[in-house]
Amino acid sequence: MADDDHHFESADSGASSTYPKQCSALRKNEYVVIKGRPCKIVEMSTSKTGKHGHAKVHLVALDVFTGKKYEDICPSTHNMSCPVVTRSEYQAVSVDGEYLSLMDDNGGMREDLKVPTPECDVYAQLKDKLEKLNEGETFMVTVLKAMGEEMVVGTKQDKSS
């Protein structure tokens with residue numbers, strides 16, 4: 001019976017990265033999971049009930065990390081998965097190769113976030129501010145987290161400088 005030993009590599013809080021929400025209750029600018037990706041709804045329309053069935057909701061959404069456009073049609077009474085999305089702000093401290101050094105409000109450091117790729121909307125403004133970082137100018141970055149992914153999605157002037 002020695003084969004019954006259990007070994008766990010890691011554990012988490014058990015909280016889900018998504019929650020269910022009825023399709024008819026979704027609204028524009030909310031988040032939804034389409035084809036396994038966290039997306040922000042940019043357009044939606046509801047068709048009338050047909051002779052045989054439910055009203056259908058047509059969703060057009062953009063991936064929050066890649067900006068790729070996704071579409072989905074589902075009955076208004078069905079549940080859709082919605083990602084738990086969190087926004088955090090950090091002060092940019094430095095950049096080392098492709099990784100950013102960021103500091104939170106409590107002085108905690110993190111150096112595990114990559115600089116966004118040139119295809120991302122935030123890349124140009126981040127690149128300009130990183131150059132000014134060497135001159136002693138500080139700025140804040142907004143980090144979006146959903147479904148186990150994180151990415152810098154915005155920058156702004158540091159309120160303390």
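Contact here means heavy atoms within 4.5 Å. The model examined is a predicted one.

By this criterion, and leaving aside neighbours within four places in sequence, Ser101 is in contact with Gln91, Ala92, Val93, Ser94, Met109, Arg110 and Glu111. Ser101 belongs to strand 8, which covers residues 99–103. The relative accessible area of Ser101 is 5%, and Ser101 is classed as buried because this value is under the 20% cut-off. One of the residues in contact with Ser101 is Glu111, and the side chains of Ser101 and Glu111 are also joined by a polar contact of 3.3 Å.

Lys69 is placed in strand 5, residues 69–75. With a relative accessible area of 54%, Lys69 is exposed, since the class begins over 50%. When residues up to four places away in sequence are not counted, Lys69 touches Val60, Ala61 and Leu62. For Lys69 and Val42, the C-alpha to C-alpha separation is 9.5 Å, while in sequence the two residues are 27 residues apart.

Strand 11 provides the largest share, four residues. Sorted by class, the lining of the largest pocket comprises 10 nonpolar, four polar and five charged residues.

Cysteines were considered next. A disulfide is a covalent bond between the sulfur atoms of two cysteines. With a disulfide taken as a pair of cysteine sulfur atoms within 2.5 Å, the count for the model is zero. Cys39 has a relative accessible area of 0% and is therefore buried. Cys74, at 7% relative accessibility, also counts as buried, because its value is likewise under 20%.

In summary, Ser101 is buried and makes a polar contact through its side chain with that of Glu111, whereas Lys69 is exposed. Cys39 is buried, as is Cys74, and the number of disulfides is zero.

Methods: Residues numbered from 1 in each chain as written. Predicted model: local features only at pLDDT ≥ 70, side-chain atom pairs only at ≥ 80, totals over all residues. Heavy atoms only, no water. Helix = DSSP H or I, 4+ residues; strand = E, 2+ residues; numbered from the N terminus. Nonpolar A, V, L, I, M, F, W, Y, C, P; charged D, E, K, R; others polar. Buried < 20%, exposed > 50% of the residue type's maximum accessible area, 1.4 Å probe, protein only. Polar contact = N/O pair within 3.5 Å; in protein donor to acceptor, adjacent residues only side chain to side chain.
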